[in-house]
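Q: I have not seen this structure before. Could we go through it together, one topic at a time?

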Amino acid sequence: MSTAPALESALTAMRALAAEAGGGPRQATPLPGGAGGFAGELQAAIQRINTLKLEAADKAKAFQAGDPDISLNDLMIDMQKASVASQFGLQLRNRLVTAYRDVMNMQV
């Protein structure tokens, strides 16, 4: 049959990829334009979520202390932004875990 060499070459390529994937950890290659890749963007997103939560908490403390420069409307908007960002981060984490499990359960 003519499919045997094609099958053998596909198996060889898959073994090479599996050996490469099984090697030690590799450094992420940066994207063009100075971006730090997926890991860098994920880290930056987590930091932005944390910043939003900290700013909302600080504003809430200042409002409770009676700061006249902070209105209830601004406080509620900032708290809602932090909540939405946290929910987004949680959903992103859930989807990444699901994708990781799917990849790990793939048969090679």
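Q: What span should helix H3 have, and how far apart are its end C-alpha atoms?
A: The model is a predicted one. Helix H3 covers residues 72-104, which makes 33 residues, so at 1.5 Å a residue it should span 48 Å. The end C-alpha atoms of H3 are 48 Å apart, in agreement with that value.

Q: And which residues of H3 are buried?
A: Leu 75, Ala 82 and Ala 85 of H3 are buried.

Q: What covers them?
A: The cover over the buried residues of H3 includes helix H2, residues 37-65.

Q: Which residues are buried in H2, and what do they pack against?
A: Gly 37, Ala 45, Ile 49, Ala 56 and Ala 60 are buried in H2. The buried residues of H2 pack against H3.

Q: Why does Ala 60 count as buried?
A: Ala 60, which lies in helix H2, has a relative accessibility of 17%. Buried means under 20%, so Ala 60 counts as buried.

Q: How far is Ala 60 from Asp 78?
A: In sequence, Ala 60 and Asp 78 are 18 residues apart. In space, the distance from C-alpha to C-alpha is 9.2 Å.

Q: What follows H2?
A: Gly 66 follows H2, and the phi of Gly 66 is positive, near 95 degrees.

Q: A change of topic: pockets. What is the volume of the largest pocket?
A: The largest pocket has a volume of about 200 Å³. Its lining is made up of 13 residues. Those nearest its centre are Ile 46, Ile 49, Gly 89, Leu 90 and Arg 93.

Q: How many of the lining residues are nonpolar, polar or charged?
A: The lining of the largest pocket has 9 nonpolar residues, along with 2 polar and 2 charged ones.

Q: Now the whole protein. How many helices and strands does it have?
A: The protein has 3 helices and 0 strands. Along the sequence, the pattern reads α-α-α.

Q: One last item: what share of the contacts joins residues at least 24 apart?
A: Among contacts between residues at least 6 apart in sequence, 43% join residues at least 24 apart.

Technical notes
Residues are numbered from 1 along each chain as its sequence is written. This is a predicted model: local features need pLDDT of at least 70, side-chain atom pairs count only at pLDDT 80 or more; totals for chains, interfaces and linings use all residues. Side-chain values use heavy atoms; hydrogens and water are left out. Helices (H or I, at least four residues) and strands (E, at least two) are DSSP runs, numbered from the N terminus. Contact means heavy atoms within 4.5 Å. The expected span of a helix is 1.5 Å times one less than its number of residues. Buried means under 20% relative accessible area, exposed over 50%, partly exposed in between (1.4 Å probe, protein chains only). On a 1 Å grid over the protein atoms alone, a cavity is a set of points where a 1.4 Å probe fits but cannot get out, and a pocket is an open set with protein on both sides within 12 Å along at least five of seven lines; lining residues have an atom within 4 Å of a point. Grid points are joined across faces, edges and corners, and a volume is the space filled by probe spheres set on the points. Ala, Val, Leu, Ile, Met, Phe, Trp, Tyr, Cys and Pro count as nonpolar, Asp, Glu, Lys and Arg as charged, and the others, Gly among them, as polar.
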